[in-house]
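Here are some questions and answers for a first look at this structure. Each answer works toward the value or name asked for.

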Amino acid sequence: MTKIFPALSIPETLAAGPGPGNTDARVLAAFARAGTADHMQADVLRGMIECKEMLRTLFGTANIHTFGVGGTGFSGLDCMLSAILPGDKVVVFVNGTFSGIDGLTVRMKAATREELAANPLDPQAASATIVAVPHGQSVTEAVVEQALAQHKPKWALMAHWETGSGRVNDLQGFSDACRRHGVLGLVDAVSSLGIADFSIDDYPGVHGWASCPQKGVLCLPLTYAPVSFSDRYIAEVRANGAATYVHHPVLEARHWGVIDGKDVPTPAYHRTHSGYAVAAFHEALRLTLEHGRAQKARDYAFHESALRWAVEEMGCTVTSNMTSLVVLNLPPALAGREKELVQKCRADGFGIWPTLSEPVQVRIGILNQLGEAQITDIVTRFADALIALGGAVDKGAVLDGLARRYRTALAAE
Ligand SMILES: *Cc1c(COP(=O)(O)O)cnc(C)c1O
């Protein structure tokens, strides 16, 4: 029997979690107004080349191999990690859910055939070392230094911002330690690109970077995961290969007009790109660069501190230090009811999240919510949810205090 469902309708909700953020209307409009054109049409290709150049500006890099990998953040990470081959020595620093998954990816790639067969979904590769840093703490230079000195790996991997626990890790310390030990550093920049103000060329110990289309670069009409690779990384791939066609760091770059290590005006087919996706991604990059990397970073820091202040006023304890997200413990009287609270909020179209690994905490994000009205809306909804759970919250006082903070900040400008 053929089953045809009614047309799918998805409600408008407020994505106020660690990601994805609400995609900007300008990006959605660019997606919808793109004409029908195939993946080799001249303007689609020009758009991809312009995206490549804007990505170099956003990353702050002269790396030729800078482009977008079709898919989500993990697609870009898969491309970057495809240079890791069975038996390669790797150290991965794990301080939350996402670096934990990155560690799993690395163990899958570094595993020998026997190790993979012994535990196909969770292989224990002898050549891969996972250095666990407790949830709620950052990866420090001392931890990286110690592990690299002890294990002397070929590769090391760290998340720049670990979204699972909301912690900023020491990028400078990681890069410096990789340089001292001649290690090829790789960074998961999924959560920091487009939010933090940094130039990857300032971190010469890091040779591969991977980000995503749904957090700092807000382009969820599923588009591209930005990646950037140093010449040293590409030389490694050229010498030893990568066991993938679709995510191959050298082959995928061809469609973005990078061939034989050079920018070329005529890209070569790698896979069938969507003109709609290219148009949306192009607009998302234009938006980010128009805002300005430094200004955007300041705006995130400013609004995160307002949200942090408000949730602390409500009796919560914040354990994160990212600027796009607060990760918090509920007031003691509500401890243990995190999932109940989050479920209730999500059912009401207020998309916040619990942590995905222990301990259970609440995560509230501000991606693309950079304004007093937006933060006030988030604070109001969160206060209402705490009150509905029986929390003792003086919502009026919190909202008055928040308005005062914004007025004082405006007056100081
Ligand atoms: C969100 C996130 C990912 C996964 O990104 P997807 O777009 O869901 O594939 C990986 N790493 C970090 C640090 C993240 O924050």
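Q: Which residues surround the ligand, and how do they divide into nonpolar, polar and charged?
A: In this predicted model, the shell around the ligand includes Thr-72, Phe-98, Trp-161, Asp-188 and Lys-215.

Q: Which helix gives the largest share of the shell around the ligand?
A: The largest share of the shell is 3 residues, and it comes from residues 73-81, which form helix H3.

Q: How much of the ligand does the protein bury?
A: Oxygen atoms of the ligand lie 2.7 Å from a side-chain N or O atom of Thr-72 and 3.0 Å from one of Gln-214. For Lys-215, a polar side-chain atom is 2.5 Å from a ligand oxygen. Of the 390 Å² that the ligand exposes when taken alone, the protein buries 90%.

Q: Which residue of S9 is the bridge partner of Val-187?
A: S8 runs parallel to S5 (residues 155-159), joined by 5 bridges, and Gly-185 is the partner of Ala-156 there. S8 also pairs in the parallel sense with S9 (residues 206-210), over 4 bridges. In S9, the partner of Val-187 is Trp-209.

Note on methods: Residues are numbered from 1 along each chain as its sequence is written. This is a predicted model: local features need pLDDT of at least 70, side-chain atom pairs count only at pLDDT 80 or more; totals for chains, interfaces and linings use all residues. Side-chain values use heavy atoms; hydrogens and water are left out. Two strands pair if DSSP finds at least two bridges between them. Helices (H or I, at least four residues) and strands (E, at least two) are DSSP runs, numbered from the N terminus. A residue is near a molecule or strand if one of its heavy atoms lies within 4 Å of it. A polar contact is a pair of N or O atoms within 3.5 Å; within protein, one must be able to donate a hydrogen and the other to accept it, and residues adjacent in sequence count only if both atoms are side-chain atoms. Accessible areas come from the Shrake-Rupley method with a 1.4 Å probe; for residues, only the protein chains shown count as cover.
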